[in-house]
Amino acid sequence: MVIDVGFPILLEMGVALLAMAVLCWDAVRRGRSDGRGVTLLGVVGTACLLLLSFRVEGNSGFTAAWIQDRFAIYVKQVLLAATLLTLL
């Protein structure tokens, strides 16, 4: 299965999947580790999403009510960078 990097809702799906992965990892490993694994998962996942955001094309839309332009991608990049700095 090939995932088109220009798919407009890719970043939002990635953030949702990363959040579910971190929550599930923390629920499974609760009390058995010092938390470095879940931190590493969050940092690596957020860094991958930030790098992927530079490949997403602007001026596309998922529906008529949801449009993704270059400014929206820029704001997402800023928020992902702030999240990455917070996790570090």
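User: How much of the contacts with a separation of 6 or more comes from residues 24 or more positions apart?
Analyst: In this predicted model, such residues account for 60% of those contacts in the protein chain.

User: What elements does the chain have, and how do they run?
Analyst: The protein chain has three helices and two strands. From the N terminus, the order is α-α-β-β-α.

User: Which residues make up the largest nonpolar core?
Analyst: That core has nine residues. They are Leu11, Leu18, Val43, Leu49, Leu50, Val56, Ile73, Leu80 and Leu84.

User: And which helices supply at least two residues each?
Analyst: Helix H1 (10–28), helix H2 (36–53) and helix H3 (70–87) each do.

User: What's the general idea behind a core like that?
Analyst: In soluble globular proteins, nonpolar side chains tend to be buried together.

User: How much of the chain is buried?
Analyst: Buried residues make up 27% of the 88 residues.

User: New topic. How many salt bridges does a search of the whole structure find?
Analyst: The search finds one. The side chains of Lys76 and Glu12 meet there, at 2.4 Å from N to O. Lys76 is in helix H3 and Glu12 is in helix H1, 64 residues apart.

User: Is Lys76 buried or exposed?
Analyst: Lys76 is buried, because its relative accessible area is 18%, under the 20% cut-off. Glu12 is partly exposed, at 29%.

User: Back to nonpolar side chains. Which residues make the nonpolar surface patch?
Analyst: Phe71, Tyr74, Val75, Val78 and Leu79 make a patch of about 500 Å². Tyr74 lies in helix H3.

User: What about the accessible surface of the chain?
Analyst: That comes to about 6,300 Å², and 70% of it belongs to carbon and sulfur atoms.

Note on methods
Residues numbered from 1 in each chain as written. Predicted model: local features only at pLDDT ≥ 70, side-chain atom pairs only at ≥ 80, totals over all residues. Heavy atoms only, no water. Helix = DSSP H or I, 4+ residues; strand = E, 2+ residues; numbered from the N terminus. Buried < 20%, exposed > 50% of the residue type's maximum accessible area, 1.4 Å probe, protein only. Contact = heavy atoms within 4.5 Å. Areas by Shrake-Rupley, 256 points an atom, 1.4 Å probe, with all protein chains shown as cover. Core = buried A, V, L, I, M, F, W, Y, C linked by side-chain atoms within 4.5 Å. Patch = residues over 30% accessible without salt bridge, like charges linked within 9 Å, V, L, I, M, F, W, Y side chains within 5 Å. Salt bridge = Lys/Arg side-chain N within 4 Å of Asp/Glu carboxyl O.
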